Amino acid sequence: MSSYLNHTKMAYTIEEASALLSLSRSQLYRLIDLREIETITVGTSRRITSRQLDAFLLSREQSTAHMLDLNSLQSLVKSRRTPHARKP
């Protein structure tokens with residue numbers, strides 16, 4: 001898997017990961033609670049590995065691409081259903 005971010009570390013704190021993703025800490029915790037991004041624990045500390053960051057970004061990229069494909073398909077279907085103006 002290619003890396004989205006130029007990682008200098010193997011694991012990041014919540015604060016570091018939120019800065020890398022340009023998210024607030026609360027937004028990142030919400031994604032963690034929703035299990036959209038995985039974490040590990042080291043002792044009593046929570047960390048997000050570089051692989052977990054990459055996996056999250058890849059899943060978001062694929063989800064966005066899928067939604068764009070669906071929107072294009074829906075637009076095409078709507079355009080074919082729209083009756084063309086008839087000349088009198």
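Where is the place of Arg 35 in the chain? Arg 35 sits in the loop between α2 and β2 (40-42), with elements taken as DSSP runs numbered from the N terminus, helices being H or I of at least four residues and strands E of at least two. This is a predicted model, where local features need pLDDT of at least 70, side-chain atom pairs count only at pLDDT 80 or more, and totals for chains, interfaces and linings use all residues. Residues are numbered from 1 along each chain as its sequence is written, and side-chain values use heavy atoms, with hydrogens and water left out.

Overall, the chain has three helices and three strands, and reading from the N terminus the order is β-α-α-β-β-α. Of its 88 residues, 19% are buried; here buried means under 20% relative accessible area, exposed means over 50%, and partly exposed is what lies in between (1.4 Å probe, protein chains only).

Next, the inside. In soluble globular proteins, nonpolar side chains tend to be buried together. The largest nonpolar core holds 11 residues: Tyr 12, Ile 14, Ala 17, Leu 21, Leu 28, Leu 31, Ile 32, Ile 37, Ile 48, Leu 53 and Phe 56. Two or more of these residues come from each of α1 (14-21), α2 (25-33) and α3 (50-81). A core in this sense is a set of buried Ala, Val, Leu, Ile, Met, Phe, Trp, Tyr and Cys residues joined through side-chain atoms within 4.5 Å. One of its members, Ile 48, has contacts that include Met 10, Ala 11, Glu 38 and Thr 39, once neighbours within four places in sequence are set aside.

Ser 18 lies in helix α1 and counts as buried because its relative accessible area is 6%. Leaving out residues up to four places away, Ser 18 touches Leu 23, Ser 24, Arg 25 and Leu 28. Ser 22, in the loop between α1 and α2, is exposed because its relative accessibility is 65%. Its phi is near 60 degrees, a positive value in a residue other than glycine.

Back to Arg 35: this residue is not a glycine either, yet has a positive phi of about 60 degrees. Arg 35 is exposed, since its relative accessibility is 67%.

Terms used: Contact means heavy atoms within 4.5 Å.
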